[in-house]
Amino acid sequence: MNRTRPLVVGIESSCDETGVGIVRGDTLLANTVSSSMDEHVRFGGVIPEIASRAHLDAFIPTLEQALDTAGVTLDEVDALAVTSGPGLAGALMVGVCAAKALSLATGKPLYAINHLVAHVGVGVLDGGVLPENLGALLVSGGHTEILRVRSLTDDVELLGSTIDDAAGEAYDKVARILGLGYPGGPAIDKLAREGDPKRIRFPRGLSQPKYMGSAQAPGPHRYDWSFSGLKTAVARCVEQFEAAGEPLPVADIAASFQEAVADVITAKAMLACTEHGISNLLLGGGVAANSRLRALTEERCAAHGISLRVPPVSLCTDNGAMVAALGAQVVMAGGQPSGIEFAPDSSMPVTSVHL
């Protein structure tokens, strides 16, 4: 196997995107994604059973398209990588079983990869080697975390995370309250540009002194987030306008909600970075496409002297390229294949880069 610039196929199926990416070392050759989002719209969120069945239907066509785009054959591939967690159990099972079958059929070594760390690893495809003193702010429909990355392949530490809803999940729920449909992120982001973000002061969860503590005596949730209370505050706000018989200022509510999310996420991320000596930050995950989050992260990173890297949107959302990218890094670092005995882990901790 070529461990200098390995040709790796990455398979992603943790939620509603079937992704197959192909990289050679740190060079992206193909990033093919088939989404089942349209099948979930009428339910207002991802239905795991529908997502799992969609992965079954999409895997082979997506793989064939990726190989065709990259101009390679399976015989040329050095290794396979697959998301083994975290994610939806059924959806993960489809991707893992497909990857195991492919490994057995081709004789190619298989690497089980952590989905969250892969969101960091994708950075090598857009800027090359990741810098030292690196942190990662991952914001998506299922995850909101701040990580410290000492080594991409074997030393990742979770500094803070959401204790309830992820930011993207809060967007979807608030969009439903405001009648904006699913997915909620793009709809709220677009409408918020027409609204006043200062009209309503929504709560910033876990920002009170009892949760924050101090640098010398950190509170229990110093770097953590909570968005369930914010979602409830929006619902109560809507109820109050309706009870008073007043027109609902949907754009102002959307803008104020979005400001609360971006404000608390970036404030806590900056705190974690400055207190842990993190001078380089990577912003990833689907919500990294949000215009206000991107702008405020750039603004606050600049104010704190932190270098910011944001991959293209196509590499921020769930995709196979990020799995292939991390898989290639593990191969180049001398990591051993996972074999086919491992099981998908829907709650796989970020400290397990690969199995």
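Guide: Gladly! Two strands pair if DSSP finds at least two bridges between them, and strands are DSSP runs of E with at least two residues, numbered from the N terminus. This is a predicted model, where local features need pLDDT of at least 70, side-chain atom pairs count only at pLDDT 80 or more, and totals for chains, interfaces and linings use all residues. Residues are numbered from 1 along each chain as its sequence is written, and side-chain values use heavy atoms, with hydrogens and water left out.

Visitor: How do you know that β1 and β2 pair, and in which sense?

Guide: Six bridges link β1 (residues 7–12) with β2 (residues 17–24), in the antiparallel sense. The cut-off is at least two bridges, so they count as a pair. Gly10 has Gly21 as its bridge partner in β2, and the two strands form a hairpin with four residues between them.

Visitor: Which sense does the pairing of β1 with β4 have?

Guide: Parallel: four bridges join β1 to β4 (residues 79–85). The bridge partner of Val9 in β4 is Leu80.

Visitor: What makes β1 mostly covered?

Guide: Six of its six residues are buried, meaning under 20% relative accessible area with a 1.4 Å probe and protein chains only. Leu7, Val9 and Ile11 cover one side, and Val8, Gly10 and Glu12 the other.

Visitor: Which residues line the largest cavity?

Guide: Ile11, Ser13, Thr18, His55, Phe59, Val94, Gly95 and Ala98 do, each with an atom within 4 Å of a cavity point; such points form a set on a 1 Å grid over the protein atoms alone where a 1.4 Å probe fits but cannot get out.

Key. 1 Å grid on protein atoms, 1.4 Å probe; cavity = no way out; pocket = protein on both sides within 12 Å on 5 of 7 lines; lining within 4 Å. Buried < 20%, exposed > 50% of the residue type's maximum accessible area, 1.4 Å probe, protein only.
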